[in-house]
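Colleague: Could you take me through one part of this model at close range? I would like the packing first, then the local backbone details.

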Amino acid sequence: MIEKIEQLIAEINALKASSAQELESLRLKYLSKKGAINDLMADFRNVPNEQKREIGQKLNELKNLAQDKINALKEMFDAQKAESDKPDLTRTAYPTVLGTRHPLNIVKNEIIDIFSRLGFVLADGPEVEDDWHVFSSMNFAEDHPARDMQDTFFVEAHPDIILRTHTSSVQSRVMEVSEPPIRIICPGRVYRNEAISYRAHCFFHQVEALYVDKKVSFSDLKQVLLYFAQQMFGPDTKIRLRPSYFPFTEPSAEMDISCNICGGKGCAFCKGTGWVEILGCGMVDPNVLELNGINSKEYSGFALGMGIERITNLKYQVKDLRMFSENDVRFLKEFEAAN
């Protein structure tokens, strides 16, 4: 047995491995339960008593040598791998393909930037909301169609918990905990129970703005709208306001801009009218102020809201709303220049 041990010691001292797989094979050959060293350990019981001390020491020496050799080779491979994983700082960056921002994010950031120049600050709120902040605090009647299941996603186990249908819920959350003056812009994703088509989706994105202070007038709203339209679509853009109705504003209006494709002359995009609708707006209804803890005798305000997809369509003429959520890299690459 002494000869076998000496032979294995010589083999192990000469061990080399060119890969981690080869090293694992060597470990199994010498140190596994079916390995050469374990076989010698099994034969140890047959060694005469007078030789057990000497051979036992040799076996321990052999086992320790094998473990140390295998560990040393493993550390060498680990060091080589760590070195190879280091970034090559001398390598040129040009072959790396750069990503692009999503067109909705590009437009959203542009809208936020325009309103921030007017002193509006960002506000955010949960997408899973309660009935109060989405409807009741916004002056929706109990029998308003928006409360029906064909328009709104309800959480089945909690009938008062819904997916927000507009970001007006953020306005409510800010008003109930803040003292005027309030000047906020609220971008976010909203949900409505609509069939998905090239013109509509069950989720989309809105930006709403709210300004509440003393002596806020419709003239203030009109000037903000004109500034926004000309900053977003060009200095020659004209606006017009048409009377409308929203539960949370009174008076209310829809805002059109002169078609940015034909310059107001009339084309297929604006259906020959020269005008394109982009948002809804109005003076905050006094009931909304009172419901949210603000004295309507002392304060007034205006609110406006627009779909980010709508503004993106106007800027980039995207024909199909579904393109925004399909993650088609070819589509996203078209917006590299806009980043």
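Modeller: The buried residues of α2 pack against α1 (2-13), α3 (36-43) and α4 (49-85). Contact here means heavy atoms within 4.5 Å. Buried means under 20% relative accessible area, exposed means over 50%, and partly exposed is in between (1.4 Å probe, protein chains only). Helices (H or I, at least four residues) and strands (E, at least two) are DSSP runs, numbered from the N terminus.

This is a predicted model, so local features need pLDDT of at least 70 and side-chain atom pairs count only at pLDDT 80 or more, while totals for chains, interfaces and linings use all residues. Residues are numbered from 1 along each chain as its sequence is written, and side-chain values use heavy atoms, with hydrogens and water left out.

Back to α2. Its buried residues are Leu 23, Leu 26 and Tyr 30. They cover an arc of only 60° around the axis, which puts them on the same side of α2. The arc is taken from the directions from the helix axis to the C-beta atoms. The length of α2 also checks out. Helix α2 (residues 20-31) has twelve residues, which at 1.5 Å a residue should span 16 Å; its end C-alpha atoms are 16 Å apart, which agrees. The expected span is 1.5 Å times one less than the number of residues.

Now α10. The axes of helix α5 (residues 103-116) and helix α10 (residues 308-316) come within 9 Å and cross at roughly 100°. α5 and α10 are therefore roughly perpendicular to each other. On this scale, angles under 35 degrees are roughly parallel, over 145 roughly antiparallel, 65 to 115 roughly perpendicular, and the rest oblique. The axes are lines fitted to C-alpha atoms, for helices over the stretch in contact, and angles run from 0 to 180 degrees between N-to-C directions.

On the α5 side, the contact is made by Pro 103, Leu 104, Ile 106, Val 107, Lys 108, Glu 110 and Ile 111. On the α10 side, Ile 308, Glu 309, Ile 311, Thr 312, Lys 315 and Tyr 316 take part. By class, the contact of α5 with α10 has eight nonpolar, one polar and four charged residues. Here Ala, Val, Leu, Ile, Met, Phe, Trp, Tyr, Cys and Pro count as nonpolar, Asp, Glu, Lys and Arg as charged, and the others, Gly among them, as polar.

The buried residues of α10 are Ile 308, Glu 309, Ile 311, Thr 312, Asn 313 and Leu 314. Their cover includes α5, β6 (203-213), α8 (218-233), β8 (249-258), β9 (275-284) and β10 (300-307). Take Asn 313, which sits in helix α10. Asn 313 is buried, at 14% relative accessible area. Not counting residues up to four places away in sequence, Asn 313 touches Phe 269, Val 318, Leu 321 and Phe 324.

Gln 317 follows α10. Gln 317 belongs to the loop between α10 and α11 (329-333). Its relative accessible area is 32%, so Gln 317 is partly exposed. Phi of Gln 317 is positive, near 55°, in a residue other than glycine. Lys 271 also has a positive phi, about 60°, although it is not a glycine. Lys 271 lies in the loop between β8 and β9. At 74% relative accessibility, Lys 271 counts as exposed. Most residues other than glycine have a negative phi, and most peptide bonds are trans.

The model has cis peptide bonds to look at too. One joins Glu 250 and Pro 251, with omega about 0°. Pro 251 is in strand β8. Another cis bond joins Pro 180 and Pro 181, with omega about 5°. Pro 181 is in the loop between α7 (168-175) and β5 (182-191).

Strand β9, part of the cover of α10, holds Glu 277. Glu 277 counts as partly exposed, at 37% relative accessibility. Not counting residues up to four places away in sequence, Glu 277 touches Arg 242, Glu 254, Met 255, Asp 256 and Arg 310.

Last, a glycine. Gly 125 lies in the loop between β1 (121-122) and β2 (128-130). At 18% relative accessibility, Gly 125 counts as buried. Leaving aside neighbours within four places in sequence, Gly 125 is in contact with Arg 164 and Val 170.
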